[in-house]
Amino acid sequence: MRKTNQALIRALTTQFQSGNNNFRSPSEYVNIKRPITAENFFVSQGRLPNIISIEIDEDIDTTAKSFTIVCSNEDGQLSPDYKEGKFGERRLNYQIPLSSPWRNVLVPDTELEISLGYGDNQLKMLIGSIDEISISADGRTITINGRSNYKKAQVNTCMPKSKKYIIDDVDINVGVAIKKFLDHVNIPNDIEPNIKEPFTGMSYKVGEKMGIRGEYPHDHVGNMAFTTYYALIENSNGKVKSKKLPDFKKLGKAIVTFDDYIDLTEADYSMDNNEVFDTITVVSKSKEYEIVNGKRKKVTRTIKNRFTSAKIRSDILQGNRRELIVESGWANTPKKQFNTAKALFTKMVMGWKRLSIGVPAYLPLELLDVVSVRERITQVNKRMYVRGIRTSYSGTGLTQVIELADNTRFDLDIVMPPPPPPSDMPEFSTTESRLIINIFDFKIEDGDRMDIYLNGRKIVNNLFVRNKGTDIKIDLEKGANVIKFVGISAGKLQKLTASFKVAGGSGNIIYPAGKLPSLNMPRENIASESTGRYITSKRPVRNWVIHRV
């Protein structure tokens with residue numbers, strides 16, 4: 001809820017909007033800032049005259065608000081190309097050529113502020129700029145269309161100064177990455193810097209470099225916000241804030257109640273499942289480095305997992321099946337992909353049932369506020385969250401159409417990835433987020449080789465187990481983590497063996513050499529006795545389960 005004064009609140013609490021009552025008469029103020037193209041606009045800012053109507057649209061799916069202003073333009077004074085005497089005619093009864101300071105003022109990218117209210121009590125609604133203007137000769141009007149301050153992220157391109165990417169660190173938090181993109185295009189913001197994965201509490205990492213020259217910041221910002229439990233909402237001062245999506249089973253206290261006998265001018269209840277899916281496949285493609293024959297090699301990894309909701313299929317889709325495929329750079333493990341699917345399923349059920357109500361404008365209302373509605377025809381009598389707001393000002397009054405989300409008691413039944421396999425090495429728990437595991441051959445170095453996977457993702461390819469050892473960095477998720485060793489070659493002598501020394505990310509020793517049993521893979525199903533290589537389809541596998549708590 002926007003901050004306001006008590007006088008405005010008292011004016012809002014009436015269904016009557018009387019033009020004869022200055023206290024309750026709808027009012028507007030559109031402040032235009034002088035653009036560099038203006039020739040006769042000799043002040044830094046000025047009030048836009050002759051306003052007929054204003055309409056402002058905002059919703060949780062689109063950060064930028066949009067607006068339309070229609071003004072009377074009887075003498076063409078507001079037209080950008082206006083110039084007195086241009087057609088050699090007299091405009092006034094007194095035969096005086098009519099001059100105008102508005103020449104070349106109402107042009108694309110001119111900045112403005114829109115305030116609405118009742119009487120002298122007004123509330124700033126947005127800061128933005130003009131997208132386009134259109135002039136009707138028949139209607140003698142000028143129509144101004146534009147967007148709020150977030151427009152800068154949609155129309156300005158990335159221009160890294162000294163690096164190839166705006167985001168060149170794949171391990172930074174999604175919140176930090178969003179802030180960097182918004183800062184890059186000079187959008188004030190208040191973004192949560194440590195956005196966490198739902199359910200696990202781990203940091204959302206971007207997982208890929210992004211923001212090369214020529215790309216639009218919004219394309220990346222929108223994708224990152226889409227797969228988290230956050231909505232990016234721009235306030236009336238042009239600042240973009242990250243607002244956590246609510247738990248729709250725990251409604252907060254309503255800030256206002258709308259009643260059909262007092263407030264509602266219209267009420268439309270709709271159900272639409274066209275944008276609802278019962279299956280989500282999450283795909284992650286990332287460029288990584290792996291160790292090949294002791295050397296670092298850059299490779300592209302693709303990780304894909306499918307998640308389904310039986311509840312959505314039976315209760316919303318009537319048994320039909322639909323699949324949505326999404327790409328997410330940061331979701332590079334099965335658990336992160338599950339979190340992405342959970343967030344997307346939640347947003348789907350937020351939107352499939354909607355109630356739109358028409359009311360006298362309650363201007364302090366913001367997106368995701370809780371309101372209470374009582375309406376007898378649609379049989380709605382409940383608290384709901386605000387999904388969208390259309391605010392309209394004209395000679396007939398100041399009104400709003402408010403779109404509300406109705407899905408307070410819908411449970412999701414998602415198939416989780418399978419539990420971890422039995423561990424062939426001693427399981428242990430740690431609070432460390434990163435481990436450094438030194439893998440070495442404690443006997444004769446005879447050519448033992450293996451691939452290593454972490455939570456289904458290959459992290460080391462064809463590791464040569466040497467006497468001096470190789471350090472492998474393991475980034476742990478919260479919960480169970482599975483390190484899988486796949487034998488490539490048992491070497492020239494007997495079986496494949498490997499020993500371990502485990503340290504924390506800061507170097508503190510957890511298991512010194514000799515404290516853990518050795519990993520052993522038998523010399524069976526060998527394709528070549530001279531090299532000890534296993535038959536590809538029958539390579540031995542050993543698992544090691546480590547829990548992060």
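**A pocket lining and its neighbouring strands**

The lining of the second largest pocket divides into 16 nonpolar, six polar and six charged residues. Charged means Asp, Glu, Lys or Arg; nonpolar means Ala, Val, Leu, Ile, Met, Phe, Trp, Tyr, Cys or Pro; the others, Gly among them, are polar. The model is predicted, with local features needing pLDDT of at least 70 and side-chain atom pairs 80 or more, while totals for chains, interfaces and linings use all residues. Residues are numbered from 1 along each chain, and side-chain values use heavy atoms, without hydrogens or water.

The second largest pocket holds about 720 Å³ of space. A pocket is an open set of points on a 1 Å grid where a 1.4 Å probe fits, with protein on both sides within 12 Å along at least five of seven lines; lining residues have an atom within 4 Å of a point. The lining has 28 residues, and D61, F226, K347, M348 and R387 are the closest to the centre. At least two lining residues come from each of β4 (62-72), α4 (217-226), β9, β12 (266-271) and α6 (334-351). The most, five residues, come from α6. Helices (H or I, at least four residues) and strands (E, at least two) are DSSP runs.

Helix α4 has buried residues (under 20% relative accessible area, 1.4 Å probe). These include P217, H220, V221, M224 and A225. They cover an arc of only 125 degrees around the axis, so they sit on the same side of α4.

Strand β9 belongs to an open sheet of three strands, ordered β8-β10-β9, with mixed pairing. β8 (189-190) and β9 (230-234) are the edge strands; each has a single partner, so one side of each lacks a neighbour in the sheet. Five bridges link β9 to β10 (residues 240-244) in the antiparallel sense. Here Y230 stands opposite K244 of β10. Pairing requires at least two DSSP bridges.

Strand β12 pairs with β16 in the antiparallel sense, over six bridges. D268 lies opposite S356 of β16. In β16 (residues 353-360), six of the eight residues are buried, so the strand is largely enclosed by the rest of the structure. β16 also pairs with β19 (residues 397-405), antiparallel, over seven bridges. R354 has A405 of β19 as its bridge partner.

Strand β31 (residues 541-548) runs parallel to β20 (residues 428-430), joined by three bridges. The bridge partner of G479 is R548 in β31.

Key
Points joined across faces, edges and corners; volume = space filled by probe spheres on them. Buried < 20%, exposed > 50% of the residue type's maximum accessible area, 1.4 Å probe, protein only. Arc of directions from axis to C-beta.
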